[in-house]
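Hello,

Here is the structure for you to look over. My notes follow below it.

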Amino acid sequence: MPAENGSTGFVVSGNVLLDYGKAASGTLLKNLSGGAMWKDVLWTVSDEGRTLECLEFDEGVYRLTEQYAIDNFVADIPGVESADELDLEAVACDDGNLWICGSHCRVRKKPEPGMFLSPELKNRKSRRLLARLKLSPSGRHIVKADWLPFEGPEALRTMLEQDAYLQPFRELPSKESGIDIEGLAARGNHVFLGLRGPTIDNYAVLVELTLLGDFKVGAMNRFFVDLDGLGIRDLAWTGEQMLILAGPMGDASGPFRIHRWEPGKGPSSTILYSWEEISEKPEGLCWLERDGMNGLMVLYDSPTDLRVTKTIYRADWLNFAN
């Protein structure tokens with residue numbers, strides 16, 4: 001069934017101000033890709049670099065309190081000498097754990113001026129990170145980390161390539177319908193990964209991992225979701241259902257939507273909010289409380305100059321429509 005228009009949804013009700021202070025840079029502020037709240041702490045990731053940012057609320061603004069180098073917690077991440085980006089596309093919090101995930105994708109080298117598209121594919125293993133970071137009781141500090149291998153039979157990329165539906169796309173770059181993880185939601189030892197690509201017969205793909213006590217994958221289940229041909233940009237739980245931020249698999253300017261979907265109940269979903277064609281691209285969402293009301297914070301790729309000013313990023317905050 002195609003997605004149905006919901007009778008209730010969200011409206012943009014203001015901004016959430018994020019001040020990255022001394023860590024602010026054009027690279028960071030223009031490439032925020034995901035956020036997650038745990039207790040009173042907001043964690044964000046960027047799809048550039050190898051860091052994780054921790055922000056706390058202070059006088060109406062979430063201010064950076066710590067920038068963590070992920071290499072200090074996860075050992076032997078490939079590409080540390082050349083500072084290869086981790087391409088972190090998603091972050092999630094659950095039960096005192098912070099989860100981070102890279103895209104696990106291949107990319108094609110961009111063409112030089114006057115040159116044809118290069119056949120060369122980048123297969124940087126630095127993008128293959130899936131880690132669980134244990135937080136301190138306050139939620140402000142990282143205590144320890146567990147992670148999947150970057151290669152070999154127990155690596156996530158290896159398992160995805162062995163899936164019967166995903167296997168034909170294993171050699172393709174992300175923007176050409178290759179494997180590309182952008183959404184993440186966690187609950188206990190179950191982790192859901194949303195794929196921006198590929199889409200299979202117009203259905204988006206979610207993968208559920210069941211992790212064992214030694215942080216090995218015990219089972220992997222695949223789901224198909226009808227998002228009208230769109231891929232998945234981010235995930236967030238809402239009770240027993242899941243919110244899916246959906247958008248084009250490639251670089252098209254729209255549409256982008258928030259869908260509601262219930263795992264195990266078939267592929268149909270309900271549209272709760274939509275952007276048609278916009279210059280910015282909704283990239284990440286998470287639940288965030290303002291003035292005693294719960295709503296969704298939305299982060300955008302390719303933000304305009306109005307959204308980014310010096311050290312400040314202005315995220316949108318969506319509240320429930322009446």
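**Notes on the model**

Arg257 sits in strand β19, residues 256-261. Strands here are DSSP runs of E, at least two residues long, numbered from the N terminus. This is a predicted model: local features need pLDDT of at least 70, side-chain atom pairs count only at pLDDT 80 or more, and totals for chains, interfaces and linings use all residues. Residues are numbered from 1 along each chain as its sequence is written, and side-chain values use heavy atoms, with hydrogens and water left out.

Arg257 is buried, at 14% relative accessible area (buried means under 20%, with a 1.4 Å probe and protein chains only). Its side chain makes a polar contact of 3.1 Å with that of Asp228 (a pair of N or O atoms within 3.5 Å, one able to donate a hydrogen and the other to accept it; residues adjacent in sequence count only if both atoms are side-chain atoms). Beyond four places in sequence, contacts of Arg257 include Tyr273 and Trp275 (heavy atoms within 4.5 Å).

Trp275 also belongs to the largest nonpolar core, which has 35 residues (buried Ala, Val, Leu, Ile, Met, Phe, Trp, Tyr and Cys joined through side-chain atoms within 4.5 Å). Strand β22 (residues 293-301) gives the most to this core: five residues.

Next, the open sheet. Its four strands run in the order β7-β8-β11-β12, with antiparallel pairing (at least two DSSP bridges per pair). β7 (88-94) and β12 (142-147) are at the edges with a single partner strand each, so one side of each lacks a neighbour in the sheet. Five bridges join β8 to β11. Ile100 has Ala131 of β11 as its bridge partner.

Best wishes

How values were computed. Buried means under 20% relative accessible area, exposed over 50%, partly exposed in between (1.4 Å probe, protein chains only).
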